[in-house]
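Biologist: I would like to learn how to read a sheet and a core. Can we work through one example together?

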Amino acid sequence: MHIINSTKFERTLKKLPYKMVAKVIERTLIFEKDPFHPLLKTHKLHGKLKNQWSFSVDTIYRILFEFDGSHVIFLE
């Protein structure tokens with residue numbers, strides 16, 4: 001699986017505190033190995049975001065993404 005970061009994702013990541021960036025990187029590494037690892041709580045979204053998925057970084061932050069064939073695109 002190949003992960004592509006959107007420019008919006010990159011901008012948002014730069015605004016986060018250092019400890020949260022470290023946690024995002026940690027969860028992203030877990031996601032690369034197993035996108036449906038129980039720790040991530042990966043789930044499909046509904047409504048306006050029905051084509052997207054999400055996984056949890058912690059109780060406040062989550063990462064939105066889309067599956068695109070063999071690629072995963074991080075959106076936010």
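Biologist: How many bridges join β4 to β5, and do they run parallel or antiparallel?

Modeller: This is a predicted model, where local features need pLDDT of at least 70, side-chain atom pairs count only at pLDDT 80 or more, and totals for chains, interfaces and linings use all residues. Residues are numbered from 1 along each chain as its sequence is written, and side-chain values use heavy atoms, with hydrogens and water left out. Strands are DSSP runs of E, at least two residues; helices are runs of H or I, at least four; both are numbered from the N terminus. Two strands pair if DSSP finds at least two bridges between them. Here 4 bridges join β4 to β5, antiparallel. Glu66 has Ile73 of β5 as its bridge partner.

Biologist: What is the strand order of the sheet?

Modeller: The open sheet of 5 strands reads β1-β5-β4-β3-β2, with mixed pairing. β1 (2-5) and β2 (43-44) are the edges; each has a single partner strand, so one side of each lacks a neighbour in the sheet. β1 and β5 run parallel over 4 bridges. β2 and β3 are antiparallel, with 2 bridges.

Biologist: How many residues has the largest nonpolar core?

Modeller: A nonpolar core joins buried Ala, Val, Leu, Ile, Met, Phe, Trp, Tyr and Cys residues through side-chain atoms within 4.5 Å. The largest has 17 residues; Phe74 is among those with the most contacts inside it. The largest share, 5 residues, comes from α2.

How values were computed: Buried means under 20% relative accessible area, exposed over 50%, partly exposed in between (1.4 Å probe, protein chains only).
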